[in-house]
There are 2 protein chains.
Amino acid sequence: MMADRGTANALVSGESLLFLTDEQLRRGIEAMFFAYRGFTADPDRILQNYAYGRAHHRAIHFINRSPGTTVNNLLDILGVTKQSLNRVLRALVDDGLVESRVGTRDKRERHLFLTDAGTALERELSDAQRSRMRAAYRAAGPEAVAGFRTVLEQMMDPDMRRHYQTTTESAS
Amino acid sequence: MMADRGTANALVSGESLLFLTDEQLRRGIEAMFFAYRGFTADPDRILQNYAYGRAHHRAIHFINRSPGTTVNNLLDILGVTKQSLNRVLRALVDDGLVESRVGTRDKRERHLFLTDAGTALERELSDAQRSRMRAAYRAAGPEAVAGFRTVLEQMMDPDMRRHYQTTTESAS
DNA sequence: CTTGGAAAGTCAACAAGGCTGACATAAACT
DNA sequence: AGTTTATGTCAGCCTTGTTGACTTTCCAAG
C-alpha cells in the first residue's frame, strides 16, 4: 500500500518502511509527550519564583529573539488572542521587564523590548532550557540532532514554519 | 551558504561541536515549541466536537496503551494530581467511554478500560495524530526519525523514561 | 479634510485544567 | 488493633485560554 513518496534515504533493498508502523508512530507520539514535559520542566520551576507562568516565558523568549517586534507579530507567533497576550504583557510591563515603545513609522504599533531586568530573567530561563537541550544534543550526537530538527520541522503547521525560518544569517 | 548543515554529515576529524552553539540550541528550542503545537493541533480540533480537552485525550491514550492500568499508575505517568485526573476520569466514565473495574487481587485498586465508544474516540484521535506523524516521518526518512527519537529520549526526565520504555506488550 | 479601517488597549464574563487542603472509605499490611 | 495505601470527593484558588463589546489612536484613501 502507499507508494513510498520519497522515503528520503537509501533503504537499500527491501523498502522496509518499518519505521512507519502504527506502533512506531505511537512510540514517537509518546516520545513527544514525555520530552515536551522535560523540555518545559526547568523553566517552569524557575518561573514559580517570580509568580509567572509559561505564557510569560513565551512572550519573553520571542521579544528577546526579535527585539522591537510588534504586538501583532507576537500574536501571530504565539497563536493566542490579544486579550490573553495583553494580560501577560501588561504584567511584564508593569513589573519593568518589558518596554513598550510607540512606533515611529506607524504610531499605532507598539514595539516591544526587554529591559535589563527582562534580559536577566530571559537569561536565567534560557540558560536552564539550553542546558538540558545541550545535554540531550551532546548525548545524541550531531547526526541525531539533524534528524531531530528535520522531523520537528515537518511536524509544524506550514504557517508556523515561516516563524521558525527566521534564521539568522548568523553572520559569517 | 553556510557550512552549517554539514555538521550533520561528516564531522570526520575536528570535533566540530558547532551543533552545540547557543544559536543552534535556540533553534532547537523553538522547533520544539512550534512542532508541539502542530503535534496537538489535530486532536485538539477533534476534541472540540466532544467538549473534551487535551487532558481527556491523554487519559484515553494511556488507558488504550495499557488496558487495565490503575489510577495510581496513570497519575504517575501523567504527572497531575489525583483531583485533576479524577475530574477527567469521572467525565469519561459518566459518558461511557471508560470503564472502571474494582481490582481482584487488590480490591482498593480500580482498573481502567476503554469501552467500545472509548476505543472509537481513541481511534479517531490517534488516526489524526498518527497521520501527521506519519507524514513527517515519511518526509524526513528513517535515519532522521532515529535521531529524532534519540534526542527526545535524552530530553525526558529520567523518571519518565521508564514509562516510555514500556515498549509494547500491551497485546493489542 | 473626512472617514474607513487597522492596531492596540480594556472591561467583563466564562471555561478548562492545573493546584492545595481536608476528609471519607475500604482494603491491605504489620 | 492500628497504620498505611488507593481511591474518591468537596471546596476553593490560580493561570491561561476563550468571546464579545467598546474605545482610542492614527494611517491612508477618497
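**Figure 1. The protein surface near DNA strand C in a predicted model.** Four helices each supply at least two residues of this surface: helix H3 (71–78) and helix H4 (82–94) of chain A, and helix H2 (54–65) and helix H4 (82–94) of chain B. Helices (H or I, at least four residues) and strands (E, at least two) are DSSP runs, numbered from the N terminus. H4(A) gives the largest share, 4 residues. By class, the surface has 4 nonpolar, 10 polar and 9 charged residues. Nonpolar here covers Ala, Val, Leu, Ile, Met, Phe, Trp, Tyr, Cys and Pro; Asp, Glu, Lys and Arg are charged, and the others, Gly among them, are polar. Residues are numbered from 1 along each chain as its sequence is written, while chains are lettered from A and ligands numbered from 1 in the order in which they are written. The model is predicted, and local features need pLDDT of at least 70, side-chain atom pairs count only at pLDDT 80 or more, and totals for chains, interfaces and linings use all residues.

**Figure 2. The protein surface near DNA strand D.** Here H2 and H4 of chain A and helix H3 (71–78) and H4 of chain B each supply at least two residues. The largest share, 4 residues, comes from H4(B).

**Figure 3. Ala51 in chain A and in chain B.** Most residues other than glycine have a negative phi. Ala51(A) sits in the loop between helix H1 (22–48) and helix H2 (54–65) of chain A. Ala51(A) counts as exposed because it has 9 C-beta neighbours inside 10 Å. The cut-offs are 20 or more other C-beta atoms within 10 Å for buried, 12 or fewer for exposed, and in between for partly exposed, with C-beta atoms placed from the backbone. In chain B, Ala51(B) also has a positive phi of about 60° without being a glycine. Its place is the loop between helix H1 (22–48) and H2 of chain B. With 9 other C-beta atoms within 10 Å, Ala51(B) is exposed.

**Figure 4. The contact between chain A and chain B.** Chain A brings 55 residues to the contact and chain B brings 53. Two residues are in contact if their C-beta atoms, placed from the backbone, lie within 7 Å. On the side of chain A that touches chain B, the elements giving two or more residues are H1, helix H5 (116–140), helix H6 (142–155) and helix H7 (158–165) of chain A. H1(A) gives the most, with 15 residues. This side of chain A has 30 nonpolar, 12 polar and 13 charged residues. On the other chain, Tyr36(B) lies in helix H1 of chain B. Leaving aside residues up to four places away in sequence, Tyr36(B) touches Met32(A) and Tyr36(A). Tyr36(B) counts as partly exposed, with 19 C-beta neighbours inside 10 Å.

**Figure 5. Helix H1 of chain A against helix H5 of chain B.** H1(A) and H5(B) (residues 116–140) pack at an angle of about 95°, with their axes 10 Å apart. Axes are lines fitted to C-alpha atoms, for helices over the stretch in contact, and angles run from 0 to 180 degrees between N-to-C directions. H1(A) is therefore roughly perpendicular to H5(B), a term for angles of 65 to 115 degrees. H1(A) takes part through Asp22(A), Leu25(A), Gly28(A) and Ile29(A), and H5(B) through Gln129(B), Arg130(B), Met133(B) and Arg134(B). Together the contact has 3 nonpolar, 2 polar and 3 charged residues.

**Figure 6. The rotation axis that relates chain A and chain B.** Chain A is superposed on chain B by a rotation of 180° with 0.0 Å of shift along its axis, at an RMSD of 0.1 Å. The two copies are thus related as by a two-fold rotation axis. Superposition is by least squares on the C-alpha atoms of residues with pLDDT of at least 70 in both copies. Which residue of chain A comes closest to the rotation axis? Phe148(A) does, at 1.8 Å (C-alpha). Of the interface residues of chain A, 95% are also interface residues in chain B, so the copies meet through the same surface.

Definitions and conventions:
Parallel < 35°, antiparallel > 145°, perpendicular 65-115°, else oblique.
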